[in-house]
Amino acid sequence: MDSSHTQSIVSALPKSVKIVEVGPRDGLQNEKTVPLDVKVELINRLSQTGLRHIESGAFVSANKIPQMADSEQVFQYIQRAANVSYSALTPNIKGLEQAIQSQVDEVAVFSSVSESFCQRNINCSITESLNRFKPVIALAREHNIRVRGYLSCVIDCPYDGATNPKHVASLAKQMLDIGCYEISLGDTIGTGTPLRVATMLEAVLAQCPKESIAVHFHDTYGQAIANIYQALLMGISTIDSSVAGLGGCPYAKGASGNVATEEVVYLCHGLGIETGVNLEKIVEVGRALRKNLN
Ligand code: HMG
Ligand code: MG
């Protein structure tokens with residue numbers, strides 16, 4: 001490999017990335033029963049690794065996701081580090097009101113590029129979901145709470161098949177327009193490969209600034225790290241990951257864990273990209289968690 005090739009890679013990559021740790025939410029929503037003290041300890045330990053953003057729970061229907069039913073207690077008992085933002089999913093006003101009560105720093109609304117997944121996940125159409133988010137975003141603003149937006153099924157849907165990149169771009173733009181500050185693009189079932197990810201991101205970046213886009217890969221087919229590398233080369237600098245690679249979605253059968261935070265940190269540091277995260281510490285948190293969850 002000649003040095004000009006290496007140089008062109010290095011100059012395309014961001015200098016630093018923000019890692020959004022989603023293990024306590026996306027990871028644990030897929031585990032059968034996790035005691036409250038294990039969740040609290042996990043978040044407390046993650047807070048000491050240099051991570052700046054930890055998605056710590058979800059204010060959603062307990063009938064649908066019983067694993068997140070204790071989110072209020074989680075937020076009550078964690079020891080908050082001053083430089084960490086603790087966030088939660090809030091699909092509607094009811095969820096946001098609970099998040100405000102729990103003094104959550106940031107919330108996230110979540111929709112999908114696929115109609116079938118949207119119906120199964122949040123029981124409404126994509127258009128209805130955006131309309132539902134508008135008052136959530138307005139109320140969050142009144143409380144100075146930033147709102148992140150998630151879009152699921154940006155590559156494939158378990159029910160509707162392949163996703164059209166133009167639809168991803170148009171919905172990401174619409175979610176920014178209604179007031180989300182960042183859109184996390186979810187490869188919910190982990191079927192993406194770097195070329196498809198590049199095609200999808202190219203469509204999105206034609207409509208949305210790269211600073212407003214995050215990527216969220218599940219590692220079902222072992223492609224997550226390759227997909228993240230592709231996203232980094234295209235200037236994306238916000239990456240979702242889950243300590244120990246926990247995760248999945250109950251409405252996406254077969255979807256395995258999120259990409260492991262340890263692997264993302266290792267990749268970034270190897271590429272000369274700052275993460276602010278201490279690799280040894282995050283590996284240790286992952287080890288302890290695996291032991292706790294058997
Ligand atoms: P619905 O049934 O249409 O809502 O659900 P509803 O307003 O008719 O309420 C039904 C029941 O839920 C009522 O209780 C409400 O009180 C209760 P009941 O009277 O029957 O006892 N309820 C709530 N409870 C707690 N918190 C709330 C809330 N809202 C209503 N906020 C709803 C609509 C969105 C609430 C429901 O479908 C739901 O909670 N879905 C959550 C699904 C979910 O959490 N999925 C996993 C996260 S998404 C994901 O993992 C993908 C992601 O990682 C990215 C990727 O990988 O692609 C983000
Ligand atoms: Mg996910």
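Buried means under 20% relative accessible area, exposed over 50%, and partly exposed in between, with a 1.4 Å probe and protein chains only.

This is a predicted model, where local features need pLDDT of at least 70, side-chain atom pairs count only at pLDDT 80 or more, and totals for chains, interfaces and linings use all residues. Residues are numbered from 1 along each chain as its sequence is written, chains are lettered from A and ligands numbered from 1 in the order in which they are written, and side-chain values use heavy atoms, without hydrogens and water.

Stay on S242. It sits in the loop between β10 (238-241) and α11 (261-270). Helices (H or I, at least four residues) and strands (E, at least two) are DSSP runs, numbered from the N terminus. Show its contacts (heavy atoms within 4.5 Å). Not counting residues up to four places away in sequence, S242 touches E21, V22, G23, G27, N258, V259, A260, T261 and E262.

Next, the magnesium ion (ligand 2). D26 (OD), H216 (NE2) and H218 (NE2) coordinate the ion at 2.1 to 2.4 Å. Donors are N, O and S atoms within 2.8 Å of the metal (3.2 Å for Na, K and Ca); water is not among the atoms, so sites may look incomplete. D26 lies in helix α2 (residues 23-27) and H218 in the loop between β9 (213-217) and α10 (224-233), so the pair ties together parts 192 residues apart in sequence. Both residues, D26 and H218, are buried.

Last, the cysteines. The whole structure has 0 disulfides (pairs of cysteine sulfur atoms within 2.5 Å). Select C118: its sulfur is 4.7 Å from the closest cysteine sulfur, in C124, too far for a bond.
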